[in-house]
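Q: Could you take me through the features of a protein model one at a time, giving the general idea before the case at hand?

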Amino acid sequence: QERNQGMIKYNGKMWEGAVFDLDGTILDSMWIWESVDGRFLANHGLPVEESYLKALTNMNFPQAAAYTKERYAMAESEAAIMEEWYALARGMYEKEIGLKPHAAEYLEYLHRAGVKIAAATSSEPVLFEAALKNNGVYDYFHTFALSSETPHGKDTPEVYCLAAKRLGTEPQRSIVFEDILKGICSARQAGFYTVAVEDKSAAEEMEQIRAEADVYITDYRQMKEIEK
């Protein structure tokens, strides 16, 4: 790595922006939703069923709430179901979630190098802000871009481009850090240099992720090993 006036050098090129996904990439948090589901079902005297957990995997909150209400014939409204989920999740984000290995040191490294840092996330501020602050890294981020601010989420590069725009950088001069396949593919489509961060929640797609990403890491210390 080589620093130069607010940039960092990887793979023979200078980069001025770093865009991070949060859940599974900076925050070690992908376990949380299965835990939320388990606690929610227990609160309502319902069993935890693997088929239910699997069905929720690719649903957004409103879809998941509608599915849950119908599957279990619940009297609660979909809004009430979502609010209970958020309440459970908020408590865990505030107190139980840590960071991926050496993420804090790497964010500090980029910050000291003057690299502009953004988050591009499918999460919501009411959740991730507490976790970032609790782990002492919130102030490293210059800006945040939410998937909910874009029409298509991470199925397209829109949220990453929004993050880069807010940083005042171009995709071709920025790095995206992600743990999911569709995020890596979308970011590369827009011209970002992509770093895949290993998370066990994406184990089934690991080989595809390795093939699509420019770099694959299991620990942020490995960024020091990348070609200068």
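Predicted model: local features only at pLDDT ≥ 70, side-chain atom pairs only at ≥ 80, totals over all residues.

Q: How should I read the two sides of a strand, and which residues cover strand 3 on each side?
A: In a regular strand the side chains alternate between the two faces of the sheet. Strand 3, residues 17-20, has both faces covered, with G17 and V19 buried on one side and A18 and F20 buried on the other.

Q: Which strands does strand 3 pair with?
A: Strand 3 pairs in the parallel sense with strand 6, residues 116-121, over four bridges, and there the bridge partner of G17 is K116. Strand 3 also runs parallel to strand 8, residues 174-178, to which four bridges join it; in strand 8, the residue opposite G17 is S174.

Q: Where does strand 9 belong in this arrangement, and is it enclosed or open?
A: Strand 9 pairs with strand 8 in the parallel sense over four bridges, and V176 stands opposite T194 of strand 9. Five of the five residues of strand 9 (residues 193-197) are buried, so this strand is largely enclosed by the rest of the structure.

Q: Turning to helices, which residues of helix 5 are buried, and where do they lie around the axis?
A: An α-helix has 3.6 residues a turn, so residues three or four places apart point the same way. In helix 5, residues 103-113, the buried residues are A103, Y106, L107, Y109, L110 and A113. Viewed down the axis of helix 5, these buried residues fall within an arc of 155 degrees, so they line one face of the helix. They pack against strand 1 (8-10), strand 3, strand 5 (98-99), strand 6 and strand 8. Just after helix 5 comes G114, which takes a positive phi of about 85 degrees.

Q: What covers the buried residues of helix 7?
A: Helix 7, residues 158-167, has V159, Y160, L162, A163, A164 and L167 as its buried residues. Their cover includes strand 3, strand 6, strand 7 (143-146), strand 8 and helix 8 (181-189). Just after helix 7, G168 takes a positive phi of about 80 degrees.

Q: How many aromatic pairs are found, and how is such a pair described?
A: A pair of aromatic rings is described by the distance of the centres and the angle of the planes. A search of the whole structure finds 15 aromatic pairs. One of them, formed by Y138 and F144, is stacked, with 5.6 Å from centre to centre and 20 degrees between the planes. Y138 is partly exposed at 21% relative accessibility, whereas F144 is buried at 17%. Elsewhere, F20, Y106, Y109, F177 and Y220 form one aromatic cluster.

Q: Which charged ends sit over rings?
A: The charged end of K133 sits over the ring of Y138, at 4.8 Å from the ring centre. Another case is R210, whose charged end sits over the ring of Y216, at 4.0 Å from its centre.

Q: Finally, how do separations in sequence and in space compare for L99?
A: L99, which is found in strand 5, is 15 residues from E84 in sequence and 25 Å from it in space, C-alpha to C-alpha. Leaving aside neighbours within four places in sequence, L99 is in contact with I26, L27, D28, A104, N135 and V137. P125, which lies in helix 6 (residues 125-134), is 15 residues from L110 in sequence and 22 Å from it in space, C-alpha to C-alpha.

Conventions
Residues numbered from 1 in each chain as written. Heavy atoms only, no water. Buried < 20%, exposed > 50% of the residue type's maximum accessible area, 1.4 Å probe, protein only. Pairing = 2+ DSSP bridges. Phe/Tyr/Trp six-rings, centres within 6.5 Å; stacked < 30°, edge-to-face > 60°. Lys NZ or Arg CZ within 6 Å of the ring centre and 35° of its normal. Arc of directions from axis to C-beta. Contact = heavy atoms within 4.5 Å.
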